[in-house]
Amino acid sequence: LITGLFLGWLLFGNASNSEEKNHNHETSETKNQQWTCSMHPQIMQPEPGDCPICGMDLIPAETSADGLEANQFKMSENALALANIETTVINNSTNEASGFVLSGKINENEKTNSIQTVHFGGRIEKLFVNSTGEKVYQGQQLALIYSPELVTAQKELLTTLASKSQDLTLYNAVRNKLKLWKLSEKQIDKIEASKSIITNFPMYANVSGIVTKKMVEEGNYVKEGQSLLMISNLNTVWADFDAYEKQLSSIKVGDEISITTNANPNKEIKAKISFIDPVLNTLTRTVTVRTTLNNKKGALKPGMFIKGILSAKEGNPQNEAFVTVPKTAVLWTGKRSVVYVKQQGTEPIFELRAVTLGNEIGSSYEILEGLTTNEEIVTNGTFTVDAAAQLQGKKSMMSPAGGSVVRGHENHMGMPDSATTQKEALAVVE
């Protein structure tokens, strides 16, 4: 009997202890299990039930994120592949390598523009310039104008010419009157010699250049001082660039700039900045940066789009290496800028990082604070990663303190942002 009891204890006693241990282990796991809502991840309860906000069944919370900080979270490899999330290892850049890229266009040099005006009123009988773009030369005949006032003045000249010996003062007064209307000595002498009145007087170009604007047509009546043509000398042109506010601190008068045109992108034109507009354009939030280019061959046409790259200056602190990231990697809320950094390890862990932006360099941002070289950041699918952080109740772009950003029914029912217990939330609903 004693032998049988001993054998029974050996056989069934160990099995009972094993079952008790297993039961205790399962109880411990169940005790540590947390339950959350798929729509409101900020809800965490120690036992299953209904969400106190929307009433949905609670689901087991992920335990794989244990040990992570509030601004860190995990994503599976499948999720990364489905969301097409790409990461890039950042490195140092310099202004010499990337440069500040400015966009602009070619304009006429306003200092060489000239307005051809009418010196006396009348009717345009003949216009010899038919279209804009025509080249004119100084002294070239532009138009024939009939002027009643000029006809009367010629009659006065011939009348005073006959009594010149008797009243020289009146003769000189009439002659000077014609000179004020820009008639030359040669023209006046011709009228006196022929003793005939000229009805249509010619208008001559004051300067040489290209007609960029035609303001009258043949047959129009014009007044004294009215504009006929705008003539531009295109031997020199302006290259006007638009610089944003953030770029102004790095642009100075005298800086070298390499210019290329869409018509000839393989040819670089070296120039120096000669003017920076002191007034900001409030519509585009840009400032005009200008340089003057030689255009004797006429290769640069006003209206051409151009691109300029600022060259780094020797001894400038901006030549030092700095960190740049693509614009797609930065989430900007207006007050702060954040990026997502991928931590080194076997599992994809992402960390929210606030950064301080510097100058805008082409399609990249200069990073003043927050990142160092050789760190890996998300450059494609940044909004998807941020959404995953929000769903897990982690710190995100719009929620610096963590928790869910997108509110559900609680805003409509006047519920609190978070509920610690189901009892408190149900009391609010009642």
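What share of the contacts in the chain with a separation of 6 or more is accounted for by residues 24 or more positions apart? In this predicted model, such residues account for 67% of those contacts. The secondary structure of the chain consists of eight helices and 27 strands. The chain has 430 residues, of which 37% count as buried. Its accessible surface comes to about 25,400 Å², and carbon and sulfur atoms contribute 52% of that area.

Helix packing was examined for H3, which spans residues 148–162, and H5, which spans residues 185–194. The axes of the two helices lie 10 Å apart and form an angle of about 60°. H3 is therefore oblique to H5. The crossing in which H3 passes H5 is right-handed. On the H3 side, the contact is made by Gln 154, Leu 157, Leu 158 and Leu 161; H5 contributes Ile 188, Ile 191 and Glu 192. By residue class, this contact of H3 with H5 comprises five nonpolar residues, one polar residue and one charged residue.

A further set of values concerns Thr 356, a residue of strand E25, which covers residues 349–361. With residues up to four places away in sequence left out, Thr 356 touches Glu 366, Ile 367, Leu 368 and Glu 369. Thr 356 and Gly 370 are 14 residues apart along the chain, and their C-alpha atoms are separated by 6.5 Å.

Technical notes
Residues are numbered from 1 along each chain as its sequence is written. This is a predicted model: local features need pLDDT of at least 70, side-chain atom pairs count only at pLDDT 80 or more; totals for chains, interfaces and linings use all residues. Side-chain values use heavy atoms; hydrogens and water are left out. Axes are lines fitted to C-alpha atoms, for helices over the stretch in contact, and angles run from 0 to 180 degrees between N-to-C directions. Helices (H or I, at least four residues) and strands (E, at least two) are DSSP runs, numbered from the N terminus. Angles under 35 degrees count as roughly parallel, over 145 as roughly antiparallel, 65 to 115 as roughly perpendicular and the rest as oblique. A crossing is left-handed if the near helix is turned anticlockwise from the far one by less than a right angle, and right-handed if clockwise. Contact means heavy atoms within 4.5 Å. Ala, Val, Leu, Ile, Met, Phe, Trp, Tyr, Cys and Pro count as nonpolar, Asp, Glu, Lys and Arg as charged, and the others, Gly among them, as polar. Buried means under 20% relative accessible area, exposed over 50%, partly exposed in between (1.4 Å probe, protein chains only). Accessible areas come from the Shrake-Rupley method with a 1.4 Å probe; for residues, only the protein chains shown count as cover.
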